[in-house]
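Subject: Handing over the two-chain model

Hello,

Here is the structure I promised to pass on. Please open it and keep it beside you while you read my notes.

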Amino acid sequence: MKTERLSAVQVMTMTTSSIFGIEIMISQQRMVSFVKQDAWISMALGGIAAIGIGLVFYYLSTLYSDKDLPQIFLHVGGKYIGRILLLPIVVYYIIYVGLSLRIFAQTLKMFLLDKTPIYAIVIFMLLVAAYAVYKDIYTIANITDIIYPLSLISLIAIILLSLQQAEISYIKPILFENTSNVVRGIIPALNNFTGFGIIGYIFCHTQKSKETLKWYLVGLVTPVVLYTALTAITIMVFGTKDVETLIYAILTLTKSIEFPATSLERLESFTAVIWIVVVFISVVLFFYKSTRSLTVFLGLKEKHMKYMVWVHIPLLAFIALCIENELKAIEYVQTTLYLQLIISLVIIPVITAVAILKRRRELKK
Amino acid sequence: MINNIKKIIDKKNKKTGYAENTEHLKKFVLSEDINDNVSRLKEIMNNSFDVKSREFNVGGSNVRAAIVYIDSVSNEDIIMDHIIKPLIISYPATTSKKLDIQYIKDSLLTGQSVKEAETFDEIVLSIMSGNSFICIQGYTKGLIIESKEYRGKTFATPTMEPSVKGPQEAFVEMLKINIGMIRKRIRDPNLTLDMSYVGRRIKSEIVIVYIKGIANDDIVNEVKRKVFSLDIDGPTSVVQVGKLIVEKPNSIFPLIQLTERPDKLVSSLTEGRVAVIMNGSPDAIILPVTLPMLMQSADDYFENWIVSSVIRMSRYLALFLSTILPALYIAVTTFNPGMLPTNLALSIAATRVGVPFPAFFEALLMVITLDLLQEASIRLPKIVGQTVSIVGGLVIGQAAVQAAVVSPIMVIIISVTAVSSYTIPNYSLGLATRIVRIPFMLLAVTFGNFGITMGMLLMLTYLASLKSFGVRYLSPISPYRIRDWKDTIIRAPSWAMTKRHEFLSPEDTRRQIIKKRGEPNEN
């Protein structure tokens, strides 16, 4: 039987799905509070920066195409330094999954399940996500393939349906005495695109073809365009002052859509259901990254990764449940930005540079 | 030597109570004495009453010969006219004690096939398959002559997979006739049929059918390896074989495609799939299988492609509804009535006034009743089955509503669920939806729409993880094989389907060459 490989198109679906996550719902308030009416420009610029970092991840993965990111860390950095450099990644992914789960559960409680305890939602979601990770990366890729069009179509539909209420004057004046804020907004905007690192974990499972880079770029550009459009449309519908007060601006946006068919008068309920699916796949992909990183970090064998999935659950549940409320969770997500910046702007470039040198030496030998 | 055989059999019988198979007879060859041979053969077959033997002189010579066969599976006319008669009458007079075996084989026996045999395993297996065995005094080689009797129905119409248009022919219990049905549809010398006897005791003739040059070698070899290495007493149906060779035997979703239609099997073979048929089984299994394949019906290909596509899409909707409609009703009425438009929510609430049960128990009661009715209508004779349907319909419908045990809306929900499940072309897949319906209802009553969504994701994960002979169960929807989407949820026109399914990795990818629509192909 032929060895299974991920296709180039699956790289795209997994990259986009990894980026779509809780940020879809919560990023607008943060960005608008910071950059005001030009938040969408910062979002676009942050996206471009993310694409640049994503390409570094891609290049690093191609240097050792049979290894995933944690393995490359250990190969390039050695047993000890490699592990020290890998530690922030392990910590970041674990915290990120925990926080995502908490924010997700809290939002769900608010919109769909007002009487269900938070822990029940968190644990249920965690178990289902763990089951997906317990299977293999190809199963996760197949689920992503199914969910991808659903998330894409629903986000485009929200943007298009909101256009009828949009007021272009809300995003004006563009870049008027706000350039410095726009530039400073790039950093928090970057936090919305943390999923770009998925390539480091899936490249070694792909069919090696020239198409991979093309589809990876499509996978990066799609969320950048959609996030920018969503930020812009949210400002155009509500205005900057209102958006600053809306924690879940997109859910409020869907509430405001006046759909011509009466049977869909409660559009936000359907959006919430789609959002569950979108967050789920993002959590699964981060969960996979976290499990894979931890497995390599602890020096466990490949076959033991399955057990690591279940071992992970209490840790993730603890992170998700020990936080006081969702505002704290959102605050912590923003704090993790610094860790992500260290990883993306310091650790990855350093490892890439060392990897290039080491690779050259290996090839010479 | 005979004593040796006896010892071996006795030893085996002591160990297991009886001889397990004919493998152990491999090392024992025929004796020159025909009486020894005949008595040994009868002994091996436990002196069963239908094991017949007859001794006679060959032609004008004094050389004795004996024939052994089982009359219940052999054609006695063939034995008489094509074996015994030519040997007694037509062999030239001779005083020699040695006979010309080659002459007998080539010029006297007019049976379909004649082959030499010298070991008991081969002889016993042939006799049990309906062939006749001849041994001649002074020779340690015998002849096996085909004399099988094919008894049973020779024609059937599809009952599980009926179609409005197209062929109305179905497989029967006889392997030879089934192979004939395939052969008459595929006149390609590359059509390959590999036969082997499977099972320790039943020794079923199992044939693996594929078209060499189309079917992927890896898949063919994997099917052969798994089927021919089965070490079981013996399958009584090809379905049993299928259950034993799939990767996940516990999966409630069918990982083999069962068909009774030769046209469907032939169409699958031309796609590059592999079929397994068995003597005595009126079905064939097709491998590998994917979920979209199970949603296809023969009628899809006899109708206009637009009509077929719409019908096929409605089937997917039916699959969705039959799985989660009761759960969705529970979730919406119990947890999330806000999802419904106000008027509809009020209308549903009004119909539930006076119903003593919560929505979950109401739905559970109805789903269980529906399952019982379905089961009863299958098990009972057809005439009584109709009565069950009427009684069931009245009880579930009118009486239950009038007694305020269930609400009218619940009757509608259950009816739609039942009708939806009947539209699923594959019976096993329909059963799987019945099984998952109740867990979905439990998730709905516990977590509402969130529970249903998570249940769907759990099921999706499970389905995405399933494989059938290296092919992912959700192929070609996931992983994306856009070229193959022409025959999944929609059915593209025939002229557009120029290539075979990519996910089956066929050796020959091109199905047809169409240069211009509606014009005959020049090549």
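How far apart are the end C-alpha atoms of helix H15 (residues 326–364) of chain A, and what should its 39 residues span? The end atoms are 54 Å apart, and at 1.5 Å a residue the span should be 57 Å, so the two agree. The expected span is 1.5 Å times one less than the number of residues.

First, some ground rules. This is a predicted model: local features need pLDDT of at least 70, side-chain atom pairs count only at pLDDT 80 or more, and totals for chains, interfaces and linings use all residues. Residues are numbered from 1 along each chain as its sequence is written, while chains are lettered from A and ligands numbered from 1 in the order in which they are written. Helices (H or I, at least four residues) and strands (E, at least two) are DSSP runs, numbered from the N terminus.

Chain A

Chain A has 15 helices and zero strands. Its radius of gyration is 20 Å, close to the 21 Å of the globule rule for 365 residues, so chain A is as compact as a globular protein of that length. The radius is taken over C-alpha atoms, and the rule is 2.2 Å times the number of residues to the power 0.38. Buried residues make up 51% of the chain. Buried means 20 or more other C-beta atoms within 10 Å of a residue's own, with C-beta atoms placed from the backbone.

Back to H15(A). This helix bends by about 30 degrees at A:Ile343. The bend is the angle between axes fitted to the seven residues ending there and the seven starting there. A:Ile343 is also one of the buried residues of H15(A), which include A:Val333 and A:Ile351. The buried residues pack against helices H2 (23–35), H3 (39–63) and H4 (69–111) of chain A. A contact here means C-beta atoms, placed from the backbone, within 7 Å.

Chain B

Chain B has 16 helices and 12 strands. Its radius of gyration is 30 Å, whereas a compact globule of 523 residues would have one near 24 Å. The C-alpha trace spans about 105 × 60 × 40 Å along its principal axes. Of its residues, 41% count as buried.

Look at one open sheet of five antiparallel strands, in the order E1-E2-E4-E5-E3 of chain B. Strands E1 (51–57) and E3 (114–117) stand at the edges with a single partner each, so one side of each has no neighbour in the sheet. Strands pair if DSSP finds at least two bridges between them. E4 (residues 132–136) and E5 (residues 142–145) of chain B pair over four bridges. Within this pair, B:Ser132 has B:Ile145 as its bridge partner. Helix H2 (residues 34–44) of chain B lies across E1, E2 (64–70) and E4, at about 10 degrees to E2(B). Axes are lines fitted to C-alpha atoms, for helices over the stretch in contact, and angles run from 0 to 180 degrees between N-to-C directions.

Another open sheet of chain B has five strands in the order E6-E7-E9-E10-E8, again with antiparallel pairing. E6(B) and E7 (residues 204–211) pair over eight bridges.

Where the chains meet

The contact takes 31 residues from chain A and 27 residues from chain B. H16(B) gives the most to chain B's side, with 12 residues.

Best wishes

Conventions
Buried ≥ 20, exposed ≤ 12 C-beta atoms within 10 Å, placed from the backbone. Contact = placed C-beta atoms within 7 Å.
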